[in-house]
Amino acid sequence: MDFEKYGRFILNETADLLAIDSPSGLTAKAADHVMARFEALGYQPERTRKDGVICCLGGEGEGLLLEAHMDTLGGMVHEIKANGRLRITPIGGLRAENVETENCRVVTKFDGEIEGTAQLCNASVHVNGKYGDTPRTFDTIEIVLDEPVKTADEVRKLGIRTGDYVCFEPRTRITSNGYIKSRFLDDKLSVGILLGFAKMLKDEQIVPERKIYVHVTSFEEVGHGGSASVPADVTEAISVDMGCVGEGLACDERMVSICAKDSGGPYHYDVVRGLIAAAEKMGAPYAVDIYPHYGSDVEATLRAGYDLRHGLIGSGVYASHGYERSHVEGALATLKVLTGYVTR
């Protein structure tokens, strides 16, 4: 099978989804897009009450659920400060150091979007003699609005309220040699991979040896994305999320990572064995790693009480929760493992 032709499709789908702001809780537009993309491929997706998307890809027998999430990190207005700047609270694991100088949009509840930038308080180096000594926290980083406002009342007149979302620019770039760089590859790259998987099953007329469902979840970054909406015939679930790249790990951006254990504990032994066997059968470059600071959708599924076998794989992603980088070869390695796993 010519897997290479699906690489560009996956990266294009990923880039289109990255262009849609979707911090946890503000995912309706992203869900609309994902629904439309599955429909365009000839499937019949369904919307969950939490704005997730569930789609059956065909097959018969025991159900296998593939989970990926479209929600991302972001911010929320915590305080409108007296000087017209905004203090924000993070959504998910957003780090203040990683958004400093980043452009953003404040999504008001009734009055549209207003642009701004995340800056250190007193951000001019020529003025602030302690610029380099200041810890970067959400008390020292503020949103400077691109509006002529200098008081809290002037900000409120723009329609900005406590609880409004702050969405950060993804800055997506795809290089000529196959790298994709962007905020929020975690986990929109995996959504792109699952769309590529769905397209491949249709194009190649592959009938999986078990019934396959996809659940694109909407609250993973805050811990409960995969905690509901599991079809009744599912006996196994696999999170397709980012693979970690960093010191002490074997994975890189051109590989698929198979997680043996993360902060929630070990993944199911037989599933990990099966994923390794699928990688070797398909000739996919892979690594088996342990992630010390990680949790996944499928762990939320188990904690919700579902009696399932579980696993976790994903394309290698460097600089997680920052300005992330992966490669088309890692995406294709993930696609190959999925294919090998459902056609054994």
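**Charges and strand pairing in a predicted model**

Me: With its 61% relative accessibility, is lysine 29 buried or exposed?
Reply: The model is predicted, so local features need pLDDT of at least 70 and side-chain atom pairs count only at pLDDT 80 or more, while totals for chains, interfaces and linings use all residues. Residues are numbered from 1 along each chain as its sequence is written, and side-chain values use heavy atoms, with hydrogens and water left out. Buried means under 20% relative accessible area, exposed over 50% and partly exposed in between, with a 1.4 Å probe and protein chains only. At 61% relative accessibility, lysine 29 therefore counts as exposed.

Me: How far apart in space are lysine 29 and aspartate 51, C-alpha to C-alpha?
Reply: Lysine 29 belongs to helix 2; helices (H or I, at least four residues) and strands (E, at least two) are DSSP runs numbered from the N terminus. In sequence, 22 residues separate lysine 29 from aspartate 51. From C-alpha to C-alpha, the separation in space is 9.2 Å.

Me: Which residue forms a salt bridge with aspartate 32?
Reply: A salt bridge is a side-chain nitrogen of Lys or Arg within 4 Å of a carboxyl oxygen of Asp or Glu. Aspartate 32 lies in helix 2 (residues 28–40) and its partner in strand 1 (residues 46–47), so the pair, 15 residues apart, links distant parts of the chain. With the closest N and O atoms 2.8 Å apart, the partner of aspartate 32 is arginine 47.

Me: What is the N to O distance in the salt bridge of lysine 211 and aspartate 233?
Reply: Lysine 211 counts as partly exposed at 24% relative accessibility, as does aspartate 233 at 29%. The side chains of lysine 211 and aspartate 233 meet in a salt bridge, with an N to O distance of 3.8 Å.

Me: How many salt bridges does the structure hold?
Reply: Some salt bridges share partners, and these join Glu62, Arg210, Glu236 and Arg309 into one network. The number of salt bridges in the structure is 23.

Me: Which residues gather in a patch of negative charge on the surface?
Reply: Patches are made of residues with over 30% relative accessible area and no salt bridge; like charges are joined within 9 Å, and nonpolar side chains (Val, Leu, Ile, Met, Phe, Trp, Tyr) within 5 Å. Glutamate 115, found in strand 7 (residues 113–120), counts as exposed at 51% relative accessibility. The patch of negative charge gathers Glu113, Glu115, Asp146 and Glu147.

Me: How many bridges pair strand 7 with strand 8?
Reply: Two strands pair if DSSP finds at least two bridges between them. Strand 8 (residues 141–145) is mostly covered, with four of its five residues buried. Opposite leucine 145 of strand 8 stands glycine 116, and opposite glutamate 142 of strand 8 stands glutamine 119. Strand 7 and strand 8 are antiparallel, and their bridges number five.

Me: Which glycine in the turn between strand 6 and strand 7 has a positive phi of about 85°?
Reply: Strand 6 and strand 7 run antiparallel and are joined by five bridges, with asparagine 103 opposite threonine 117 in strand 7. The two strands form a hairpin with five residues between them. In its turn, the residue with a positive phi of about 85° is glycine 112.

Me: In strand 9, which residue is the bridge partner of glycine 75?
Reply: Strand 4 (residues 74–80) pairs in the antiparallel sense with strand 5 (residues 86–91) over six bridges, valine 77 standing opposite isoleucine 88 in strand 5. In the hairpin of strand 4 and strand 5, glycine 84 takes a positive phi near 90°. Strand 4 is also joined by two bridges to strand 9 (residues 165–168), and these two run antiparallel. There, the bridge partner of glycine 75 is valine 166.

Note on methods
Areas by Shrake-Rupley, 256 points an atom, 1.4 Å probe, with all protein chains shown as cover. Lys, Arg positive; Asp, Glu negative; His and termini not counted. Charge placed at Lys NZ, Arg CZ, Asp CG, Glu CD.
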